[in-house]
Amino acid sequence: TAFLAEPSTSDDLSSYFSDEGKFATKINAYDAGSDNEELVATMNLLVRDLDYEIIATKIEKETAIVTMKFTYHDIATAYRAWIDGIVGRTMEWVNSGKTQEEIVAAELEILNEALNETPKDKTETIDVKLVFVDAVWQIADTEDNLPLINILTGGFLSLLEGLESTANNIE
């Protein structure tokens with residue numbers, strides 16, 4: 001619900017979004033109590049800054065549709081680089097006597113490097129559905145907003161769909 005704001009009488013919903021045109025999106029790794037700072041930092045890289053532009057707004061009573069253009073870092077690119085970076089090394093690490101913690105740390109380091117090198121070059125235009133609840137515009141809890149969740153997670157849902165499709169083709 002990053003899109004909360006006071007209601008407006010105008011049809012312009014741009015005031016419901018950050019004035020800077022960026023989301024400083026952060027998530028906790030698995031739960032709010034995670035003390036694994038390295039994992040939290042990696043997860044934050046997955047959903048780092050997004051640029052957006054509001055293209056159009058349409059309000060009908062208690063609902064609104066906001067057409068938005070997003071530019072973000074596509075984690076599928078980072079994922080491929082990460083897999084390339086760890087393939088072959090895992091057995092080398094195991095045979096060298098590294099502990100599981102050391103192997104995970106090495107894998108996270110490779111993932112961090114891949115995420116840091118991933119350019120912000122993925123662009124998508126989507127419709128975001130909002131509902132007016134308790135005098136506040138909120139993102140509607142509907143499957144229609146899955147494209148927004150995909151973008152907010154750097155394309156993670158698309159990545160999972162691609163992996164599932166690949167696994168299904170292997171079977």
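Residues are classed by relative accessible area as buried (under 20%), exposed (over 50%) or partly exposed (in between), computed with a 1.4 Å probe on protein chains only. The structure is a predicted model, in which local features need pLDDT of at least 70 and side-chain atom pairs count only at pLDDT 80 or more, while totals for chains, interfaces and linings use all residues. Residues are numbered from 1 along each chain as its sequence is written, and side-chain values use heavy atoms, with hydrogens and water left out.

Side chains of opposite charge can pair when their charged atoms come close. With a salt bridge defined as a side-chain nitrogen of Lys or Arg within 4 Å of a carboxyl oxygen of Asp or Glu, the count comes to two. One joins the side chains of Asp 51 and Lys 120, at 3.0 Å from N to O. Because Asp 51 belongs to strand S2 (residues 50–60) and Lys 120 to strand S4 (residues 120–133), this pair ties together parts that are 69 residues apart in sequence. Strands (E, at least two residues) and helices (H or I, at least four) are DSSP runs, numbered from the N terminus. Asp 51 is partly exposed, at 26% relative accessible area, and Lys 120 is partly exposed at 25%. A salt bridge also links the side chains of Glu 60 and Lys 58, at 3.2 Å from N to O; Glu 60 is partly exposed, at 47%.

Helix H2 comprises twelve residues (75–86) and reaches 16 Å from its first C-alpha to its last, close to the expected 16 Å, where the expected span is 1.5 Å times one less than the number of residues. The buried residues of H2 are Ile 75, Ala 76, Ala 78, Trp 82, Gly 85 and Ile 86. Gly 88, which follows H2, has a positive phi near 90°.
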